[in-house]
Amino acid sequence: MDKNKAIVVFSGGQDSTTCLFWALKKFDSVEAVTFAYGQRHASEIEAAKEIAKDLDVKHHILDMSLLNQLAPSALTRDEEITEKEGELPSTFVPGRNLMFLSFASVLAHQTGAKHIVTGVCETDFSGYPDCRDAFVKSLNVSVNLSMDKDFVFHTPLMWLDKKETWELADQLDRFDYVRNQTITCYNGIKGDGCGECPSCKLRLKGMNEYLAEKEEIR
């Protein structure tokens, strides 16, 4: 097992791209894995391909279409995106991070990587239970027991809000790249997106807060 090699769970969005840049700074060898699970917009996978190619990162794309069959949601169907108080958003895909991190760990086993990096976050996580720190730590233990390995799961964004995630991208000298080349929009629009979906609103709010704070410091 290579102690300086990492697998990054990579969607081509703001968070996972920031994590990819973080991993490239921290580890000697980095590979990215993207899961095709029938997400609403193929543009997400295309963005991930383009970024990985641009950064010269070995990129794996794994078929996870079974997840679409088992756990339909507004992220995998042409359905209205809704958020109701006291309920999980319609974009929640049950088991998604459970499967992604598990299969990323299998890939790490095959490629000899010790580290698995994911952009999940408990601060701006829309209530998704599989983005919580307790879940990630629990799965890390379970995966290690299942394969008799000592993988280390990393969550660089776990305690950051979107403003602080933009700050991290800037600290990595990749603010403009993340802003212009990633897709976070539920409508599949690159960069600042549609500006109307919940994901875009959260992203733009965090960015504007960070830019305003940065201007004040100047």
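Two strands count as paired if DSSP finds at least two bridges between them. Strands here are DSSP runs of E with at least two residues, helices are runs of H or I with at least four, and both are numbered from the N terminus. With that in place, one example: the bridge partner of Ala6 in S4 is His115.

Some ground rules for this model. It is a predicted one, where local features need pLDDT of at least 70 and side-chain atom pairs count only at pLDDT 80 or more, while totals for chains, interfaces and linings use all residues. Residues are numbered from 1 along each chain as its sequence is written, and side-chain values use heavy atoms, with hydrogens and water left out.

First, the overall layout. The protein has eight helices and five strands. Read from the N terminus, their order is β-α-β-α-β-α-α-β-α-β-α-α-α. Of the 218 residues, 51% are buried, where buried means under 20% relative accessible area, exposed means over 50%, and partly exposed is in between, using a 1.4 Å probe and protein chains only. As for contacts (heavy atoms within 4.5 Å), take those with a separation of 6 or more: 71% of them are between residues 24 or more positions apart.

Now the sheet. In what order do the five strands lie in the open sheet? The order is S3-S2-S1-S4-S5, with parallel pairing. On average, neighbouring strands are turned by 30° against each other, direction ignored. The axes behind that angle are lines fitted to C-alpha atoms, for helices over the stretch in contact; angles in general run from 0 to 180 degrees between N-to-C directions.

Going through the pairs, start with S1, residues 2-9, which runs parallel to S2 and is joined to it by five bridges. Ala6 has Val30 as its bridge partner in S2, and Ile7 has Glu31 there. On its other pairing, S1 meets strand S4, residues 113-117, in the parallel sense over four bridges. Asp2 is bridged to Ala113 in S4, and Ala6, as I said, to His115. S2 also pairs with strand S3, residues 58-63, again in the parallel sense, over six bridges; here Thr34 has Ile61 as its partner.

S2 itself, residues 29-36, is mostly covered, with six of its eight residues buried. Together with S1 and helix H1, residues 14-26, S2 makes a right-handed β-α-β unit. Right-handed means that, with the strands pointing away from the viewer, the path from the first strand over the helix to the second runs clockwise. Another helix to look at is H4, residues 96-111, which lies across S1, S2, S3, S4 and S5 and runs at about 145° to S1.

Next, the aromatic side chains. Rings of Phe, Tyr and Trp (its six-membered ring) pair if their centres lie within 6.5 Å; planes under 30 degrees apart are stacked, over 60 edge-to-face, and the rest tilted. That rule gives five aromatic pairs. One of them is Phe21 with Tyr177: the ring centres are 5.4 Å apart and the planes at 90°, so this pair is edge-to-face. Because Phe21 is in helix H1 and Tyr177 in helix H7, residues 175-181, the pair ties together parts 156 residues apart in sequence. Phe21 is buried at 6% relative accessible area, and Tyr177 counts as buried at 16%.

A second pair is Phe175 with Tyr210, with centres 6.1 Å apart and planes at 40°, so it is tilted. Phe175 is in helix H7 and Tyr210 in helix H8, residues 198-217, so this pair ties together parts 35 residues apart in sequence. Both residues, Phe175 and Tyr210, are buried.

Leaving out residues up to four places away in sequence, Thr184 touches Gly13, Gln14, Ser199 and Arg203.
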